Amino acid sequence: MPPQFDLKNPDLYQDEGCHRVFAHLRAHDPVYWNPEADGAGFWAVTRYDDVLAVSKNPELFSSARAQGGHRIFDELDVGDPSLDASMISMDPPEHAAYRRMVTPGFTPQRIAQMEARVRARVTEILDRIQGEREVEFIATVAAELPIQVLAELFGVPQEDRAKLFEWSNAVIGEDDPELRSSHAYIEACYKEMALYSLHLWQKRLQEPGDDLISMLAHAKVGGEPMSMQRYLSTFILLVVAGNETTRNSISGGVLALSQNAEQRRLLAQRPDLIANAVPEIVRYVSPVLHMRRTATADTELGGKTIRAGDKIVVWYASANRDESHFQDADRFDVTRGNASDQLGFGIGQHFCLGSRLAELQLRVMFEELLRRFPTLHAEGPVRRVRTNFLNSIKEMRVVLTPAASRAAA
Ligand code: HEM
């Protein structure tokens, strides 16, 4: 018998209809058994408190590749090198050793020092569209900032960002025929990434800088450099994690402001609220829909008996709309008092390493965007990437009205 709901089906996330399914599950079957046509099935964890409990107990709910990894499918089944050998698919204590290697790149001081450069980048991106009435927002604005910042973190020329952008799309686009046209194409992308990142590794060994690649190239685990497989995997993790998610938050935030004109007006009048609007955007959008864990022992969750080896999928998109934690949870509210309780960056040992950097980019982007274009709205159909992993808009036209022309009108 087909499952009543199939949360694995990427078509469910092509619009905002998934939230009706999540609301139903939170109310009636919060730890829901989702059978799989091509797998053993998984437990879908949909309530805030349960997502928290699973994420904070890595001993019982493992991210390790050997157990199945952090993705909805078993990582051991995957032929390509992808993200599987990076910190995101590790448990303590191994996880901490790898996370530590790049942590210096994300300290609060270092992120604070980046603000002026992020603002200069945003200014340049928005200056380019000055005078235009309507733009394809993803390519012209939302994708540009994170990819430029990523090139800066890697210490690579800005001209390389088209490559980084394409590779990132190819990695996440496994269910989207527009992004992953063929197996040969994705293989070619992985090969290019391997060559590119290897070349960088060798360069940074000879001439170290203070970029993330230098940190990885010079790091030691148990006195040894990290393996090439782990390095490539970490490179891909950073390309995808530092890029797709921030882009999706920018575009999802603009869509939320378009759909809630009173919130947009409020933010345009009160830029001091933007710092609070940022976690509210991440809560409302949930750029990463879920992560996966595997039970290491028999246990109980939400009244269900979980067996060792069972797959558990924690749905941030659902936890972030849980009425028992967020009042009027489906409402986009930039003044929400507990917006920063949102779980869009995950929680526990894998809590997003780039969260402060993402928040900085979002704050500066919305400050500059609304100052120039206090009236903006999405026009026409919004096209999303076909994926069950990310809430990702790939095409969205946005009509912009500059502040001056509004005053003149
Ligand atoms: C709004 C933007 C972002 C969102 C929503 C987001 C979301 C997440 C989530 C949900 C996790 C947790 C994974 C888990 O528990 O298994 C995570 C981990 C991670 N993120 Fe982000 N992320 C964002 C931006 C970034 C940026 C800008 C970077 C780096 C440039 C980054 C780097 C990472 C890394 C390295 C990890 C793995 C951490 C670990 O395993 O210890 N993220 N992110």
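Reader: Is S355 buried or exposed, and how do I read that from a number?

Author: This is a predicted model, so take every value as computed from it. Buried means under 20% relative accessible area. S355 has 8% relative accessibility, so S355 counts as buried.

Reader: Where does S355 sit?

Author: In helix α16. For a sense of scale, take S355 and L369, which are 14 residues apart along the chain. Their C-alpha atoms are separated by 21 Å.

Reader: What is L164 in contact with, leaving aside its neighbours within four places in sequence?

Author: The list is I147, L150, A151, F154, V156, Y196, F235, V239 and N243. Two of these, F154 and F235, are also named among the core members with the most touches. A separate core of 15 residues lies apart from the largest one. Its members include L7, C18, L25 and A44.

Reader: Which protein atom is the donor to the iron of the ligand?

Author: The SG atom of C352. C352 is the single donor from the protein, and the distance is 2.3 Å. One caution on reading such a site: water is not among the atoms, so sites may look incomplete. C352 is found in the loop between α15 (316–319) and α16.

Reader: Now the strands. In what order do the 3 strands of the open sheet stand?

Author: Strands of a sheet pair through backbone hydrogen bonds, either parallel or antiparallel. In this sheet the order is β4-β12-β11, and the pairing is antiparallel. β4 (134–136) and β11 (375–384) stand at the edges. Each has a single partner strand, so one side of each is left without a neighbour in the sheet. From one strand to the next, the twist averages 20°.

Reader: How many bridges join β4 to β12?

Author: There are 3. Strand β12 spans residues 393–401. For a landmark, find V135, which stands opposite V398 in β12.

Reader: Next, the backbone. Which residues other than glycine have a positive phi?

Author: Look at two examples. S286 has phi near 45°. D328 has phi near 50°. S286 lies in the loop between α14 (274–285) and β7 (290–295). D328 is found in the loop between α15 and α16.

Reader: Is S286 buried or exposed? And D328?

Author: S286 has a relative accessible area of 1%, so S286 is buried. D328 is exposed, with a relative accessible area of 52%.

Technical notes: Residues are numbered from 1 along each chain as its sequence is written. This is a predicted model: local features need pLDDT of at least 70, side-chain atom pairs count only at pLDDT 80 or more; totals for chains, interfaces and linings use all residues. Side-chain values use heavy atoms; hydrogens and water are left out. Two strands pair if DSSP finds at least two bridges between them. Helices (H or I, at least four residues) and strands (E, at least two) are DSSP runs, numbered from the N terminus. Axes are lines fitted to C-alpha atoms, for helices over the stretch in contact, and angles run from 0 to 180 degrees between N-to-C directions. A nonpolar core is a set of buried Ala, Val, Leu, Ile, Met, Phe, Trp, Tyr and Cys residues joined through side-chain atoms within 4.5 Å. Buried means under 20% relative accessible area, exposed over 50%, partly exposed in between (1.4 Å probe, protein chains only). Contact means heavy atoms within 4.5 Å. Donors are N, O and S atoms within 2.8 Å of the metal (3.2 Å for Na, K and Ca); water is not among the atoms, so sites may look incomplete.
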